[in-house]
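Colleague: I have the model open and would like to go through it residue by residue. Please start wherever you like.

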Amino acid sequence: VQWSKDSPYNTEESSQVQEDQITQPTQQDQSNTFSLYVNNQEVISGEQVCLDVQTTHFKSIISMQYTLNWDPNLLQFTKLDNLNLADFNEGNFNLQRASKGQIISAWFDPNIQGITKADESTIYSLCFDVIGSSGSSSYIYFGSDPTVIEMSDPSGQIEFYSPRTTISIQ
């Protein structure tokens, strides 16, 4: 899938631009759309927090790749945890850009059968030291820079939706 410049999944260099570009589809649009998301949360400055990456409509998924983004001035990545998908481990993540607020992930079902997970399943958790000051907030979003978002099931590439997430620091 190549996202157009007007796509809500298009990633710009500026995280603020990306955050503003993400739009909520109508209820009809997302009724059967594969989604990965992190719930909006309030966290406490100076503490460590682990945020679950959850899914909906994870049906017969064969592969997925994307770049996960956040504000590294507010959240400092410490580790991956709770990996909960067949043949999914730390080797599926490129952590070289984590200090810059990006983790690249690529995964595929080696059996090429497709894997199904229940809605609201956690497929992994991201742990951060909360280094931002009280009153600030960080975005978390799935983007296409530098790794283009691509998701597939047995029929080929599929539509993907990810709501914008805000982590509010208290």
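Modeller: S60 is partly exposed, because its relative accessibility is 30% (buried is under 20% relative accessible area, exposed over 50%, partly exposed in between, with a 1.4 Å probe and protein chains only). This is a predicted model, where local features need pLDDT of at least 70, side-chain atom pairs need 80 or more, and totals for chains, interfaces and linings use all residues. Numbering runs from 1 along each chain as its sequence is written, and side-chain values use heavy atoms, without hydrogens or water.

Colleague: What is the phi of S60?

Modeller: Positive, about 55 degrees, although S60 is not a glycine. S60 sits in strand 4, residues 58–61 (strands are DSSP E runs of at least two residues, helices H or I runs of at least four, numbered from the N terminus).

Colleague: And what about E120, what is its phi?

Modeller: About 70 degrees, also in a residue that is not a glycine. E120 is in the loop between strand 9 (115–117) and strand 10, and counts as exposed because its relative accessible area is 58%. For background, most residues other than glycine have a negative phi, and most peptide bonds are trans.

Colleague: Which residues does the cis peptide bond join?

Modeller: D145 and P146, with omega at about 10 degrees. P146 is in the loop between strand 11 and strand 12 (150–153).

Colleague: Different topic. How many disulfides are there?

Modeller: The search of the whole structure finds 1 (a disulfide is a pair of cysteine sulfur atoms within 2.5 Å). C50 and C127 form it, with the sulfur atoms 2.0 Å apart. C50 belongs to strand 3 (residues 48–56) and C127 to strand 10, so the bond ties together parts 77 residues apart in sequence.

Colleague: Is it left- or right-handed?

Modeller: Right-handed, because the torsion about the S-S bond of C50 and C127 is about 105 degrees. C127 is buried at 0% relative accessibility, while C50 is partly exposed at 36%.

Colleague: What is the strand order in the open sheet of 5 strands?

Modeller: The order is 6-10-3-1-14, with mixed pairing (two strands pair if DSSP finds at least two bridges between them). Strand 6 (75–81) and strand 14 (160–161) are the edges; each has a single partner strand, so one side of each has no neighbour in the sheet.

Colleague: How do strand 1 and strand 14 run?

Modeller: Parallel, joined by 2 bridges, with strand 1 covering residues 34–37. F34 is opposite F160 in strand 14.

Colleague: Which residues touch the most other members of the largest nonpolar core?

Modeller: F34, L36, M64, Y66, Y124, L126 and M151, out of 37 residues. Strand 10 (residues 121–130) gives the most to this core, with 5 residues. By nonpolar core I mean buried Ala, Val, Leu, Ile, Met, Phe, Trp, Tyr and Cys residues joined through side-chain atoms within 4.5 Å.

Colleague: What is L36 in contact with?

Modeller: Beyond neighbours within four places in sequence, its contacts (heavy atoms within 4.5 Å) include V53, M64, Y66, I123, F142, M151 and F160.

Colleague: Last one: is S138 buried or exposed?

Modeller: S138 is buried, because its relative accessible area is 2%. S138 lies in strand 11 (residues 137–143), and its side chain reaches the backbone nitrogen of D71 at 3.1 Å. Leaving aside neighbours within four places, W70, L74 and T165 are among the contacts of S138.

Notes
A polar contact is a pair of N or O atoms within 3.5 Å; within protein, one must be able to donate a hydrogen and the other to accept it, and residues adjacent in sequence count only if both atoms are side-chain atoms.
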